[in-house]
Amino acid sequence: MSDRAKLLGKSVRSDDPSSSNTSIQAVQDQVDGVTRIMCDNLQRMLERDESLLALAKKSESTARSAGAFHTKARGARRGLQLQLYKTNAVIALLATLILLLAWWSGFLGSRNGDEPEPSSEPFPVLPDLNSTTRHG
């Protein structure tokens with residue numbers, strides 16, 4: 001058996017021209033079928049390659065956008081933290097000033113003797129102006 005006959009899986013006699021033409025036509029049909037399949041596969045591969053390139057471009061664009069978002073978000077977070085620190089510093093300063101003012105007013109009041117002594121009488125007693133001696 002020849003190689004062509006083995007390929008076709010049939011026994012071909014070389015002295016019969018009609019069977020030879022038939023087997024050649026069958027092989028040609030198989031070759032044409034394989035060629036069509038390969039062309040289809042190549043076409044699909046090219047389409048897949050184009051879609052992969054488009055996907056890669058979208059991926060790069062998304063990565064760039066994510067990087068820009070990350071940078072802006074980091075800046076915004078730092079700005080908010082700075083604002084929080086400033087607010088806390090102002091609150092602490094005001095609280096310190098209020099405490100110092102309260103302490104200072106208490107210190108001045110007791111030092112000058114402005115605070116009256118507590119009395120058991122409901123009304124304050126005024127000094128008697130008639131009991132003073134006059135020289136005249």
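This report describes the fold, the surface and selected side chains of a predicted model.

## Basis of the model

Local features need pLDDT of at least 70 and side-chain atom pairs count only at pLDDT 80 or more, whereas totals for chains, interfaces and linings use all residues. Residues are numbered from 1 along each chain as its sequence is written, and side-chain values use heavy atoms, with hydrogens and water left out.

## Fold and exposure

The chain contains two helices and zero strands; these are DSSP runs numbered from the N terminus, with helices being H or I of at least four residues and strands E of at least two. Helix α2 covers residues 17–112.

The chain exposes about 12,900 Å², of which carbon and sulfur atoms supply 61%. Accessible areas come from the Shrake-Rupley method with a 1.4 Å probe, and for residues only the protein chains shown count as cover.

## Nonpolar patch and aromatic pair

V90, L93, L94, L97, L100, W103, W104, F107 and L108 make a nonpolar surface patch of about 910 Å². Patch residues have over 30% relative accessible area and no salt bridge, with nonpolar side chains (Val, Leu, Ile, Met, Phe, Trp, Tyr) joined within 5 Å and like charges within 9 Å. A salt bridge is a side-chain nitrogen of Lys or Arg within 4 Å of a carboxyl oxygen of Asp or Glu. L108, found in helix α2, is partly exposed at 32% relative accessible area.

The structure holds one aromatic pair. W103 and W104 form this tilted pair, at 6.3 Å centre to centre and 55° between the planes (rings of Phe, Tyr and Trp, the last by its six-membered ring, pair with centres within 6.5 Å; planes under 30 degrees apart are stacked, over 60 edge-to-face, the rest tilted). W103 is exposed, with a relative accessible area of 55%, while W104 is partly exposed at 43%.

## A buried serine

S23 belongs to helix α2 and counts as buried because its relative accessibility is 13%. A polar atom of the S23 side chain lies 2.9 Å from the backbone oxygen of S20.

Notes
Buried < 20%, exposed > 50% of the residue type's maximum accessible area, 1.4 Å probe, protein only. Polar contact = N/O pair within 3.5 Å; in protein donor to acceptor, adjacent residues only side chain to side chain.
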